[in-house]
Amino acid sequence: MAAMEPSPTRDLAHDQNSPKNIPFDLIFEILSRLPAKSIIRFLSVCKLWYSTIRSKDLADSFLIHSKTRPRLLFTFKHFDSRKRFIFSAPEHGTEENSSTARHDMTMSDLVYYIKSLPVNGLICCTRGSSIAVCNPTTRQILKLPDVTLNERDMYARLGYDPVQDQYKVLCVMMHDGFDSRTKDNIEQEHFVFTLGCQQQEWRKIEFIDVGDPYTDVKGGICISGGIYYVIGHKKIARFDVRSEKVELINAPQEDMLNEEDIKKEDESWNIMTCDVPTEWGDLFRDKGLSSTGDIHTGEVMLVSDTLESSKPFTVYYYDMIRESFRSATVEGIADSEFRRGIHGFGKRNRDMLCFPGHIENIMFF
């Protein structure tokens with residue numbers, strides 16, 4: 001990722017074409033509050049505007065405002081055309097029951113896979129030995145150097161360190177659980193790539209294994225400078241983005257589901273249960289709903305993994321505190337015009353991924 005342009009404050013103040021009666025601080029603040037689409041369109045106004053919009057100062061200011069406007073991210077792929085489509089829509093408030101999606105980006109180079117939640121609007125994508133970071137807001141893809149698999153599976157997760165203001169990608173490579181190789185061969189390896197660093201290469205980090213080698217990685221979310229992901233069936237790993245250390249956390253055990261078996265002094269997990277309304281029972285069973293997180297209201301989001309042809313996409317929410325369910329629809333995801341008139345992939349249903357907490361980010365690679 002190329003370094004961002006320096007702050008253009010001084011240049012703007014002496015520019016003959018700038019509005020002399022409007023302080024730069026006010027212009028800067030107005031820009032930071034505009035929709036991302038408008039800001040990006042202003043890149044072509046002049047060199048000064050280009051420099052201003054691509055500056056790190058504006059990107060940071062815009063991100064602060066953007067975090068108050070969280071969105072839902074939707075993505076599905078079309079194998080025939082080798083494309084992945086990315087949409088987004090505002091998260092539903094507690095009194096809102098509908099929203100309209102916007103087509104943000106089409107990835108046409110390869111059909112990348114997305115396995116973890118966005119981090120400040122950036123998405124980690126993988127395919128084979130290829131890893132990329134995508135920014136749907138700027139429609140940019142940063143392809144990282146390929147890794148050497150040695151016939152192993154590869155998993156990549158993106159993280160952000162708010163202290164040093166750095167984005168890093170963690171790459172974990174391992175043999176799957178059905179591989180009969182012994183420990184004499186190469187097994188687990190952990191590599192880190194720092195975005196924006198002059199040394200654009202993967203660095204191997206030490207990993208202290210305290211048990212049997214894990215054979216897969218599931219999920220992935222970055223919280224307060226740590227990447228959390230599930231390994232195997234009994235452990236959760238936390239990668240500290242700043243120190244680049246991995247620690248393992250014991251996952252809840254099956255016997256914890258019986259509250260009488262838990263000693264208070266040993267509790268490290270809280271158990272929360274909910275009663276599903278009778279009318280929702282068939283919905284959960286037929287739709288195969290799953291959750292990828294919660295939205296800004298604190299409600300857990302539940303979605304189907306299928307985008308049905310020519311139908312609004314329905315999102316379901318559960319409030320763990322009030323023990324209440326609600327649903328809301330999202331219009332405009334690959335509607336008839338988009339399917340037939342633009343991309344021509346017909347009326348077939350598509351596998352859908354949906355993530356909450358997505359935000360717009362005008363950071364340029």
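Predicted model: local features only at pLDDT ≥ 70, side-chain atom pairs only at ≥ 80, totals over all residues.
Visitor: Where does S116 lie?

Guide: S116 is in the loop between β4 (102–107) and β5 (123–127). Residues are numbered from 1 along each chain as its sequence is written, and side-chain values use heavy atoms, leaving out hydrogens and water.

Visitor: Is S116 buried or exposed?

Guide: Buried means under 20% relative accessible area, exposed over 50%, and partly exposed in between (1.4 Å probe, protein chains only). S116 has 4% relative accessibility, so it counts as buried.

Visitor: Which residues does S116 touch?

Guide: Contact means heavy atoms within 4.5 Å. Not counting residues up to four places away in sequence, S116 touches R157, G219, G220 and F355.

Visitor: Now β4. In which sense do β2 and β4 pair?

Guide: Two strands pair if DSSP finds at least two bridges between them. β2 and β4 are antiparallel, with five bridges. R84 has M107 in β4 as its bridge partner. R84 in β2 also stands opposite K77.

Visitor: How many bridges join β1 to β2?

Guide: Eight bridges join β1 (residues 71–78) to β2, and the two run antiparallel. Their hairpin has four residues between the strands, and R82 takes a positive phi near 55 degrees there. Six of the eight residues of β2 (residues 83–90) are buried, so this strand is largely enclosed by the rest of the structure.

Visitor: In what order do the five strands of the open sheet stand?

Guide: The order is β3-β20-β19-β17-β16, with mixed pairing. β3 (98–100) and β16 (290–294) are the edges; each has a single partner strand, so one side of each lacks a neighbour in the sheet. From one strand to the next, the twist averages 30 degrees. That angle is taken between axes, lines fitted to C-alpha atoms, and runs from 0 to 180 degrees between N-to-C directions. β3 and β20 (residues 324–331) run parallel and are joined by three bridges. There S98 stands opposite T329.

Visitor: Which strand holds Y318?

Guide: Y318 is in β19 (residues 313–319). Its relative accessibility is 3%, so Y318 counts as buried. Y318 and V300 are 18 residues apart along the chain, yet their C-alpha atoms are separated by 5.1 Å.

Visitor: Which residues have the most contacts inside the largest nonpolar core?

Guide: A nonpolar core is a set of buried Ala, Val, Leu, Ile, Met, Phe, Trp, Tyr and Cys residues joined through side-chain atoms within 4.5 Å. The largest one has 24 residues, and those with the most contacts inside it are I131, L158, Y167, V169, C171 and W202. β6 (130–135), β8 (153–161), β9 (166–174) and β10 (189–194) each give two or more residues to this core. A second, separate core of 19 residues includes L72, F87, V303 and M352.

Visitor: What volume has the largest pocket?

Guide: A pocket is an open set of points on a 1 Å grid over the protein atoms alone, where a 1.4 Å probe fits, with protein on both sides within 12 Å along at least five of seven lines; lining residues have an atom within 4 Å of a point. Grid points are joined across faces, edges and corners, and volume is the space filled by probe spheres set on them. Here the largest pocket has a volume of about 1300 Å³. It is lined by 42 residues, and L117, I221, I223, G293 and D294 are the closest to its centre. β12 gives the most to this lining, with six residues.
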